Amino acid sequence: MLRPIYLQPGDKVALISPSGIATKEQLDAACSLLTSWELEPVPGQHVLSEHGRLAGTDEERLQDLQTALDAEDTRAIWCMAGDYGMLRIVEEADYSKFQGNPKWVIGMNDITVLHSKLHSLGIESLHAFMPSGSPRFTPEVASQLRNFLFGIISSYAVPAHPYNRPGIAEAEMIGGMLQWVHNLHDTCIERNTRGTILFIEDPSNDLYEIDKSVKCMKYAGKFQHLAGLIVGEFGQDAAPEFKEEVYGLIHNAVEDYTYPVCFGLPAGHVRNNFPLILGANVELVVHTKGAELRFP
C-alpha cells in the first residue's frame with residue numbers, strides 16, 4: 001500500500017460533505033481545529049448544502065469530492081459527516097490524478113465505502129473522527145489525529161479481554177463500520193478480507209441489526225480466512241452490557257478459527273475514538289495480559 005505524504009505546517013486540508021449533512025457550527029469548529037494545528041482549511045463549495053438527508057445533490061457532493069481529489073496543493077481530505085451518500089458517488093469519481101498525488105482521506109461511518117475503494121487502488125487512509133462528531137471526541141483523540149497526520153505514529157496497547165485469542169499476525173488492516181463492510185460484500189468496491197487483519201466497529205444500538213451483519217459475514221466466509229480480527233467499539237451512548245453482548249456474538253462467530261482476536265480497541269463512534277491507518281501493514285500481538293497494535 002502507498003502511504004500519503006505526512007503533513008507539514010501550512011498545508012491545505014479540504015473539508016467536504018460527501019454523505020450526510022454538516023452544520024455551520026461543525027464547519028467552524030473544524031476550521032478552528034485545523035488552524036490551531038497550523039493547517040489551512042479549504043471548505044468545499046457545497047460543504048453546507050442540503051438535499052433531503054444528504055449534503056447536497058449527488059452532483060454537488062461529487063463535484064466537491066472530485067475537486068478535493070484533484071487539487072495538487074491539498075494534502076488531506078477530511079469528510080465532515082457520515083450517514084449515507086458516499087455509495088451513490090464513489091464509483092462516479094475519477095481517481096487518476098489522486099493516484100499520482102495521493103493525500104490522506106479522513107473519516108468513518110459510511111466513509112468506510114471510500115476507504116475500501118482507496119484500498120483497492122493501493123492507497124492507505126485514516127479511520128478517524130469527523131467534525132460532525134464534535135464535541136464528542138476527547139482532546140487526546142484530537143491530538144492523536146494531529147500526530148498521525150504529521151507522521152508521529154504510535155502503537156496502541158489494549159487491556160486484556162476474556163474473549164481475546166492469543167497470537168501474532170502481520171498483515172494489511174482493512175475494515176471500518178461493520179454494516180458497511182457487510183453491505184459491500186460481492187460489490188466491485190469490496191476489499192477482499194482473505195489474509196488481512198479485519199477491523200470492525202459500529203454505532204448501532206440494535207443488537208439484532210449487528211447480529212444480522214455478523215451472521216451474514218460468517219456465512220459468506222468473510223471471517224474464515226483472516227490473518228487476525230480487531231473488534232472496536234459498538235453502540236453509541238450504549239450501556240457496557242450492550243457492548244459485551246455484541247462481543248459475545250462476534251466471539252461465537254469466530255470461535256472455530258485460530259487467528260489472533262483482539263476485543264476492545266478504542267476506535268468507533270465513541271469519545272475515545274483513536275485514529276487507525278487502514279490499508280497499512282500492521283502487527284497485531286495478542287497475549288494473556290492484553291494486546292498491541294503496531295503501525296510501521
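Residues are numbered from 1 along each chain as its sequence is written, and side-chain values use heavy atoms, with hydrogens and water left out. In this predicted model, local features need pLDDT of at least 70, side-chain atom pairs count only at pLDDT 80 or more, and totals for chains, interfaces and linings use all residues.

Q: In what order do the six strands of the open sheet with mixed pairing stand?
A: Helices (H or I, at least four residues) and strands (E, at least two) are DSSP runs, numbered from the N terminus. Two strands pair if DSSP finds at least two bridges between them. In this sheet, strand E2 (40–43) and strand E11 (276–278) are the edges, each pairing on one side only. The order is E2-E1-E3-E4-E5-E11.

Q: What is the average twist from one strand to the next in the six-strand sheet?
A: Axes are lines fitted to C-alpha atoms, for helices over the stretch in contact, and angles run from 0 to 180 degrees between N-to-C directions. The six strands form an open sheet. From one strand to the next, the average twist is 25 degrees.

Q: Which residue in E5 stands opposite Gly107?
A: Strand E4 (residues 104–107) pairs with strand E5 (residues 125–127) in the parallel sense, over two bridges. Opposite Gly107 stands His127.

Q: Through which helix does the chain cross from E4 to E5?
A: E4 is also joined to E3, in parallel, by three bridges. There, Ile77 has Val105 of E4 as its bridge partner. The β-α-β crossover from E4 to E5 is right-handed: with the strands pointing away from the viewer, the path from the first strand over the helix to the second runs clockwise. The helix is H5 (residues 112–120).

Q: Are the residues of E4 that point either way from the strand buried or exposed?
A: Buried means under 20% relative accessible area, exposed over 50%, and partly exposed in between (1.4 Å probe, protein chains only). Trp104 and Ile106 point one way from E4, while Val105 and Gly107 point the other way. All of these are buried.

Q: With which side chain does the side chain of Asp58 make a polar contact?
A: Asp58 belongs to helix H2 (residues 58–70). Contact means heavy atoms within 4.5 Å; leaving aside neighbours within four places in sequence, Asp58 touches Arg88 and Ile89. A polar contact is a pair of N or O atoms within 3.5 Å; within protein, one must be able to donate a hydrogen and the other to accept it, and residues adjacent in sequence count only if both atoms are side-chain atoms. At 2.9 Å, the partner is Arg88.

Q: At about what angle does H2 run to E1?
A: H2 lies across two strands. They are strand E1 (12–16) and strand E3 (74–79). The angle to E1 is about 165 degrees.

Q: Which strands stand at the edges of the seven-strand sheet?
A: This open sheet has mixed pairing and the order E6-E13-E12-E7-E8-E9-E10. Each edge strand has a single partner, so one side of it is left without a neighbour in the sheet. They are E6 (156–159) and E10 (261–263).

Q: How many of the six residues of E8 are buried?
A: Ile197, Phe199 and Glu201 point one way from E8. Leu198, Ile200 and Asp202 point the other way. E8 is largely enclosed by the rest of the structure, because the buried count is six of the six.

Q: Through which helix does the chain cross from E8 to E9?
A: Strand E8 (residues 197–202) pairs in the parallel sense with strand E9 (residues 228–234) over five bridges. Among them, Leu198 has Leu229 as its partner in E9. The β-α-β crossover is right-handed and passes through helix H8 (residues 207–219).

Q: How many disulfides does the rule give?
A: Cys216 is in none, with the nearest cysteine sulfur, that of Cys188, 20 Å away. Cys216 counts as partly exposed, at 34% relative accessibility. The count of disulfides is zero.

Notes: A disulfide is a pair of cysteine sulfur atoms within 2.5 Å.
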